[in-house]
Amino acid sequence: MKQVSMQMIADALDISKNSVSQALRDAAGVSEETKKLVRNKADELGYKYIKQNKRVQGEFLILATEFALSQVSFFGEIIKSIDYNCTLKNFKTTTLAVTSEMIQENQLPANLTNYSGIFIVSHITDDYISNIVNQGIPCVVVDHHSPKFLADCVLTKNTDGAYSAIEFLIKHHCKKIGFIGDIDFSPSYLERFRGYQRALKEHDIDLDSKILITKIKENQAELFSKLKEIKQMPDAWFCVNSGLAYILNYYLQSEKYHIPEDISIICFDNTEFTQMSNPKITNISTDLSYMGKQAVITMSERLTAPDSPYIHKQILPQLLELGTVHPLNI
């Protein structure tokens, strides 16, 4: 049976979802008559809500999957920034891991409605995020978006970032450029693939399916296996993240290629993988601290104007030239 949402109640009564949320929370600004209509319709449809809940102001929940929380140098930096910028506003934060069991069983964290707002970092599943958003609590989703839910989002401008990375390779005389990344894993990776495609097309370079790895688990064994199937290596590789680029660099050097003299590498994200690699990996990356700051600003704007249209803020990533792209001859 389909779970009853606030939007379904709103549609049944021909009112806004925000009015439904306010009525169920017994908030000011909604008439007693409307509150009664909403509660009766909620009971009729079987909507589960906590009656007469007293929300503690100034307490925010940060939600992320166990996988995202393990990515300390990426999502960890975003979460640290959210926590710091909330502290500057005298807000308290609690970080909670969403387990695979919770996702599978569609089990939401307890006491969600106790919080003034929720930061959702990275993708969980669209349905799971939708269920959180439908609780009527202000939500800001960071580094993920979907047409399946309505929420404010803070994102990287992935398409333009990938385009800039490929154009950089082309300017460094790379004509045959491969792609590595699972485009079904997240919208970000698909957007990066589209930026890669666009850059090639606008520079009259044909897409070569023999050097496209678009379905790949992020582990050494699988990537090594895929790379061994390639009969002729490209001039350069573009990777959707730094972990894949690190594995790629290790593989190519084990096969006696010299980086960047023989093959150039560029990736998205500047993490410990780009810095530990030898040579360090040239990348296109977003200021993660700034992303966290923008998430808190966006939350504050939502709390100030709860009925305003939802927005998506996109941060343009910047190129960091390190050691894996062959320098231009001067």
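This report walks through a predicted model of one protein chain, from its overall make-up to a few local details. Local features need pLDDT of at least 70 and side-chain atom pairs count only at pLDDT 80 or more, while totals for chains, interfaces and linings use all residues. Residues are numbered from 1 along the chain as its sequence is written, and side-chain values use heavy atoms, with hydrogens and water left out.

**The chain as a whole**

The chain has 13 helices and 12 strands; these are DSSP runs numbered from the N terminus (helices are H or I with at least four residues, strands are E with at least two). Along the principal axes, the C-alpha atoms fill a box of roughly 75 × 40 × 35 Å. Of the 330 residues, 50% count as buried (buried is under 20% relative accessible area, exposed is over 50%, partly exposed is in between, with a 1.4 Å probe and protein chains only). The chain exposes about 16,700 Å², with carbon and sulfur atoms supplying 50% of that area (Shrake-Rupley method, 1.4 Å probe; for residues, only the protein chains shown count as cover). Take the contacts between residues at least 6 apart in sequence: 68% of them join residues at least 24 apart, where a contact means heavy atoms within 4.5 Å.

UniProt, in an unreviewed entry, places "domain: Transcriptional regulator LacI/GalR-like sensor" at residues 167–317. UniProt positions are given here in the numbering used for the chain, feature names are shortened, and annotations may be inferred rather than shown by experiment. Over that stretch, residues 167–317, the chain is 43% helix and 15% strand, and the end C-alpha atoms are 14 Å apart.

Helix 3 covers residues 32–45, and its 14 residues reach 20 Å from first C-alpha to last, close to the 20 Å expected (1.5 Å times one less than the number of residues). Which residues of helix 3 are buried? They are Lys-35, Val-38, Lys-41 and Ala-42. These four sit on the same side of helix 3 because they cover an arc of only 135° around the axis, the arc being that of the directions from the helix axis to the C-beta atoms. An α-helix has 3.6 residues a turn, so residues three or four places apart point the same way. The buried residues of helix 3 pack against helix 1 (6–13) and helix 2 (17–24). Just after helix 3, Gly-46 takes a positive phi of about 85°.

**A buried threonine**

Thr-298 belongs to helix 13 (residues 288–304) and is buried, with a relative accessible area of 1%. Leaving aside residues up to four places away in sequence, Thr-298 touches Val-140, Asp-152, Val-154, Ile-311 and Lys-313. With Lys-313 there is a side-chain to side-chain polar contact at 3.0 Å (a pair of N or O atoms within 3.5 Å; within protein, one must be able to donate a hydrogen and the other to accept it, and residues adjacent in sequence count only if both atoms are side-chain atoms).

**Backbone details in loops**

Here are some backbone angles worth a look.

| Residue or bond | Angle |
|---|---|
| Ile-259 to Pro-260, cis peptide bond | omega about 10° |
| Asn-278 to Pro-279, cis peptide bond | omega near 0° |
| Asn-90, not a glycine | phi near 60° |

Pro-260 lies in the loop between helix 11 (242–254) and strand 9 (264–268), and Pro-279 in the loop between helix 12 (272–276) and strand 10 (282–285). Asn-90 is exposed at 69% relative accessibility, and His-173 is exposed at 57%.
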